[in-house]
There are 2 protein chains.
Amino acid sequence: MTTDTKSALLDAAERAARAQGVDGFSYADLAEAVGIRKPSIHYHFPAKSDLSAALMARYSARLRDVCDGIAHQHETGGARLAAFIDMYRAALEGGKSLCLCVAFSTSRDSLPADVIAQIRAFREMMIAWLRVCFDRAVDDRSIADVAFPAMEAAAALSLLEGAQLAARAEENPALFDNAVQLLQTRLR
Amino acid sequence: MTTDTKSALLDAAERAARAQGVDGFSYADLAEAVGIRKPSIHYHFPAKSDLSAALMARYSARLRDVCDGIAHQHETGGARLAAFIDMYRAALEGGKSLCLCVAFSTSRDSLPADVIAQIRAFREMMIAWLRVCFDRAVDDRSIADVAFPAMEAAAALSLLEGAQLAARAEENPALFDNAVQLLQTRLR
DNA sequence: GTCTATAAGTCGATAGAC
DNA sequence: GTCTATCGACTTATAGAC
């Protein structure tokens, strides 16, 4: 079926992009993973830029939902932040994978302008969500020493993304853990 | 002269790698930048992996010297950290460039194992240097609230690298500034 | 040390049959 | 929707003349 092939292509492309970057996989790789021939992919995604855009749109929507779920499940800012950190840690998959946003950020010049805009929007969404965590923590004291929630949110995202990058470079999740440990000591 | 061509190649390659990544430049680009023909590069660097290794070795030595210089120039941990942050901010070059370590980390699978080892060694060097900053700050109180110097060092490097990545993705240094602002408020 | 010429492979993308 | 066949551009790398 049409839909299944398209989803299968997106799944394979996301896995490949997060493991090897946008330029690290080819239509040939995708074709083999999904079990169709290379040119057939162009029916679903005429250009690779179309695939990138679809990939980022789907990822963005999914993570918005996951963050919504965390917010519904946890009341305090600290508990939400803890779950958020766990999500980034899980995305590492043993040091073989990255958040798609980080993976796309590393190869900006092979992406069209509208995908760059999607990356910016994704980061703004994540920072806004984190901002709420730190805002709440000011009142509920679930994170120590929060003086500037907006700065905390921006810093937390860069910390997590940088930690992912280092961990994947050496294929060693312990580097992620080392980098985020300080932030975790502030959680009550 | 031999030496000059080799240095010119390294200079051009470093600029290109930091701006576009290891896979983002070709021997053709280098040849044009330096003013020789493509195959002539192979005389100096038989394979691209040789070039990568030389690039990282030179960069690592240079940054070790720069950090030594900062340590000689500044006494307190806070003043040293401030200079270190400035160095990472300057490396951005308006959002068009990255630290070579970050640039190499983004394209790990196109690098040979010994260059990956160089990246690890580079990061360990940076973290050890930062560790001294935070150790000093415990005594001289030049950075607020330092309880765990080792954790602070690991977190600071990931923060700076993540901030660089975000800033270059959108070619906007303000994203770097937003991410590091919190750390800077702790400097006395 | 640098050159010309070329090999051998990859890539994304298109044309047109079925 | 998927196929075969193919294009043109690009890549790293080598051979051998100068």
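**Entry 1: the fold of one chain**

I began with chain A and counted nine helices and zero strands. I keep in mind that this is a predicted model. Reading along the sequence, I wrote the pattern down as α-α-α-α-α-α-α-α-α.

Next I looked up the dimensions. The C-alpha trace of chain A spans about 55 × 30 × 30 Å along its principal axes. For 188 residues, a compact globule would have a radius of gyration near 16 Å, and the 18 Å of chain A agrees with that.

**Entry 2: salt bridges**

I then turned to charged pairs and found 25 salt bridges over all chains. One I noted down joins the side chains of A:Arg58 and A:Glu14, with 3.1 Å from N to O. This pair ties distant parts of the chain together: A:Arg58 sits in helix H4 (residues 48-73) of chain A and A:Glu14 in helix H1 of chain A, 44 residues apart.

**Entry 3: how the two chains are related**

**Entry 4: the contact itself**

How many residues does each chain bring to the contact? I have 31 residues from chain A and 31 residues from chain B. Between them the chains bury about 2,900 Å², and 61% of this lies on carbon and sulfur atoms.

B:Arg123 makes a salt bridge with A:Glu170, where the closest N and O atoms are 4.0 Å apart.

**Entry 5: who supplies the chain A side**

Last, I sorted the chain A side by helix. The helices of chain A that each supply at least two residues to the side touching chain B are H1 (2-20), H6 (100-105), H7 (113-140), H8 (149-169) and H9 (173-185). Which helix gives the most to that side? My note says H8(A), with twelve residues.

By residue type, the side of chain A that touches chain B divides into 14 nonpolar, nine polar and eight charged residues.

Conventions:
Residues are numbered from 1 along each chain as its sequence is written. Chains are lettered from A and ligands numbered from 1 in the order in which they are written. This is a predicted model: local features need pLDDT of at least 70, side-chain atom pairs count only at pLDDT 80 or more; totals for chains, interfaces and linings use all residues. Side-chain values use heavy atoms; hydrogens and water are left out. Contact means heavy atoms within 4.5 Å. Buried area is the accessible area (1.4 Å probe) that two parts lose on being put together, summed over both. Helices (H or I, at least four residues) and strands (E, at least two) are DSSP runs, numbered from the N terminus. Ala, Val, Leu, Ile, Met, Phe, Trp, Tyr, Cys and Pro count as nonpolar, Asp, Glu, Lys and Arg as charged, and the others, Gly among them, as polar. The radius of gyration is taken over C-alpha atoms; the globule rule is 2.2 Å times the number of residues to the power 0.38.
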